[in-house]
Amino acid sequence: MKSQINIGLVGLGTVGTGTAKILLENRDVIARRVGVPLELKRIVDLDVTTDRGLTLPSGVLSSDLPGLLNDPSIDIIIELIGGYDTAKRVMLDAMAQGKHIVTANKALLAVHGEDVFAAAARAGVDVGFEASVGGGIPIIRSLTEGLAANRCVSIVGIMNGTANYILTQMLKENQEFEESLAQAQAAGYAEADPTFDIQGIDSLHKLAIMVSLAYGTPVNVKDVFTEGIQKVTSLDIQYASEFGMVVKLLGIARLHEGAVEARVHPTLIDNHSPLAQVNGVYNAIHVVGDAVGDVMLYGQGAGALPTGSAVVSDVIDIARNIQRQASGRVPPTSFPLDQRTPIRIRPMEELTTRYYLRCMVLDQPGVLSKIAGVLGHHGISIMSVIQQGRQKGQTVPLIIMTHRASERSVQTALQEINQMSSVVSQPTTLIRVEDDGR
Ligand code: NDP
Ligand code: HSE
């Protein structure tokens with residue numbers, strides 16, 4: 001048993017600062033939970049001059065990364081710099097020296113997780129990554145431990161705070177996309193490169209991590225269909241409300257016979273559904289297990305303190321393991337490496353769902369029947385139509401809600417519709433509909 005556990009932190013940005021604050025300000029309660037104090041012994045960042053509102057003992061903050069990695073007294077290293085190359089090197093070097101790792105780096109884990117987990121197994125160390133999905137929401141521990149008795153039927157969730165914040169502002173404040181994005185960046189929710197948030201890549205990374213844990217399989221992110229919110233307009237948000245729906249960027253995984261469906265895209269959901277109530281930077285993840293039924297986790301999906309809360313929970317977990325000499329008890333991959341088997345990710349063409357289509361068409365007789373004809377030809381049945389414009393000879397939105405149809409048929413029909421250049425003025429907007437979480 002150690003008399004204290006020493007922590008090294010790399011990256012004192014948004015999450016690093018939140019993490020340090022929690023370790024310092026909640027030091028007493030954390031020490032009681034572990035049984036011994038956790039000492040934030042070294043912090044490394046490129047910038048050692050900016051005031052981050054922390055009171056650190058002299059000498060703790062430096063830019064000496066090798067000094068931190070080679071400090072034999074450090075038990076746990078927290079990587080919070082983000083990105084791929086340096087972050088991966090920090091983790092691998094630290095593990096090679098027998099140090100345990102905590103990270104929030106979903107991008108790295110989704111793409112290079114297999115290398116990280118193999119290195120951890122070789123070194124016999126723990127890797128904590130609770131903060132990588134859902135910010136402060138304890139979804140990783142729920143999937144690996146709390147729900148371990150279940151076959152996972154589905155995971156459906158709002159996994160990106162920035163995108164949810166933008167969609168919420170567009171709906172509630174009638175704001176433009178750019179204004180909402182700038183606010184999310186100023187609040188520290190967005191990734192350094194916000195295209196990851198907007199284009200759905202951050203949600204893809206999080207979904208890939210969850211699918212990997214829930215189904216005990218490596219996931220190639222290239223197999224997961226991903227579409228962002230950049231083409232969602234306030235017009236679509238308004239029409240969605242006419243159908244009693246809201247637009248959310250969802251990550252969706254569902255178990256099928258011998259395969260898993262996994263996709264990320266803007267989705268229309270009923271505005272009375274639980275996920276529709278999740279606004280701003282909040283995330284929510286709805287898991288259905290075959291034994292437990294519905295479980296929903298809700299909380300702040302980004303930001304310094306919520307994410308720091310998840311980071312520190314991993315540090316506490318690992319510190320407890322160190323004290324019990326029980327490192328590796330819970331495999332970071334949820335299933336031991338030799339129990340994982342690759343599972344087929346269903347191609348998107350196999351999806352069947354309802355679709356919202358917005359065609360920008362010339363307001364002239366016969367246009368609706370032409371478009372309906374193409375849809376009918378491909379076996380796509382129309383549930384309802386809205387065409388409010390009356391601007392003869394000008395372009396107006398024609399909104400079509402379909403019954404359930406196959407993605408393959410809808411994409412083929414849209415190719416035909418988009419080629420009707422005499423009546424259709426721009427590519428049709430398609431938003432998939434999710435009827436319930438199962
Ligand atoms: P920030 O950009 O705010 O912080 C990263 C920090 O690391 C910066 O201070 C940066 O310094 C420093 N840094 C970069 N490279 C090095 C290096 N080689 N050596 C030392 N320090 C370095 O990012 P976040 O805190 O937002 O994100 C950190 C991680 O947490 C990422 O993986 C992110 O995906 C993840 N995450 C973030 C959430 C959030 O709400 N922000 C939520 C969940 C996860 P400098 O600024 O000088 O370059
Ligand atoms: N940029 C991410 C988000 C941070 O907005 O959700 C949390 O992972």
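Me: Where does Ser334 lie in this predicted model, and why is Ser334 called buried?

Reply: In this predicted model, Ser334 lies in the loop between α12 and β13. Its relative accessible area is 17%, and buried means under 20%, so Ser334 falls on the buried side of that cut-off.

Me: What makes the phi of Ser334 worth a remark?

Reply: The phi of Ser334 is positive, at about 75°, although Ser334 is not a glycine. Most residues other than glycine have a negative phi.

Me: Which class, buried or exposed, does Gln325 belong to, and how do you know that?

Reply: Gln325 is found in the loop between α12 (304–324) and β13 (344–345), and its relative accessibility is 74%. Exposed means over 50%, so Gln325 counts as exposed. Gln325 also has a positive phi, near 50°, in a residue other than glycine.

Me: Why is Asp45 called buried, and what does Asp45 touch?

Reply: Asp45 is found in the loop between β2 (38–44) and β3 (61–62), and its relative accessible area of 16% is set against a limit of under 20%, so Asp45 is buried. Leaving aside residues up to four places away in sequence, Asp45 touches Gly11, Leu12, Gly13, Arg52, Leu61, Ser62 and Ser63. For one of these, Leu12, the backbone nitrogen is reached by the side chain of Asp45 at 2.6 Å; a polar contact requires N or O atoms within 3.5 Å, so this distance is inside the limit. Gly135, by contrast, is 90 residues from Asp45 along the chain, and the C-alpha atoms of the two are separated by 22 Å.

Me: Why is Ser241 called partly exposed?

Reply: Ser241 lies in helix α11 (residues 234–242), and its relative accessibility is 40%. Buried would need under 20% and exposed over 50%, so a value of 40% in between makes Ser241 partly exposed. A polar atom of the side chain of Ser241 lies 2.7 Å from the backbone oxygen of Gln238. Ser132, on the other hand, is 109 residues from Ser241 along the chain, and their C-alpha atoms are separated by 32 Å.

Me: What makes Thr412 partly exposed, and how far apart in space are Thr412 and His378?

Reply: The place of Thr412 is in helix α14 (residues 407–418). Its relative accessibility of 34% lies between the limits of 20% and 50%, so Thr412 counts as partly exposed. Thr412 and His378, which are 34 residues apart in sequence, are 7.9 Å apart in space, C-alpha to C-alpha.

Me: How do you know that the whole protein is as compact as a globular protein of that length?

Reply: The protein has 14 helices and 18 strands. Its radius of gyration is 24 Å, which is close to the 22 Å that the globule rule gives for 438 residues, so the protein is as compact as a globular protein of that length. Of these 438 residues, 54% count as buried. Among the contacts with a separation of 6 or more, 74% are accounted for by residues 24 or more positions apart.

Key:
Residues are numbered from 1 along each chain as its sequence is written. Chains are lettered from A and ligands numbered from 1 in the order in which they are written. This is a predicted model: local features need pLDDT of at least 70, side-chain atom pairs count only at pLDDT 80 or more; totals for chains, interfaces and linings use all residues. Side-chain values use heavy atoms; hydrogens and water are left out. Helices (H or I, at least four residues) and strands (E, at least two) are DSSP runs, numbered from the N terminus. The radius of gyration is taken over C-alpha atoms; the globule rule is 2.2 Å times the number of residues to the power 0.38. Buried means under 20% relative accessible area, exposed over 50%, partly exposed in between (1.4 Å probe, protein chains only). Contact means heavy atoms within 4.5 Å. A polar contact is a pair of N or O atoms within 3.5 Å; within protein, one must be able to donate a hydrogen and the other to accept it, and residues adjacent in sequence count only if both atoms are side-chain atoms.
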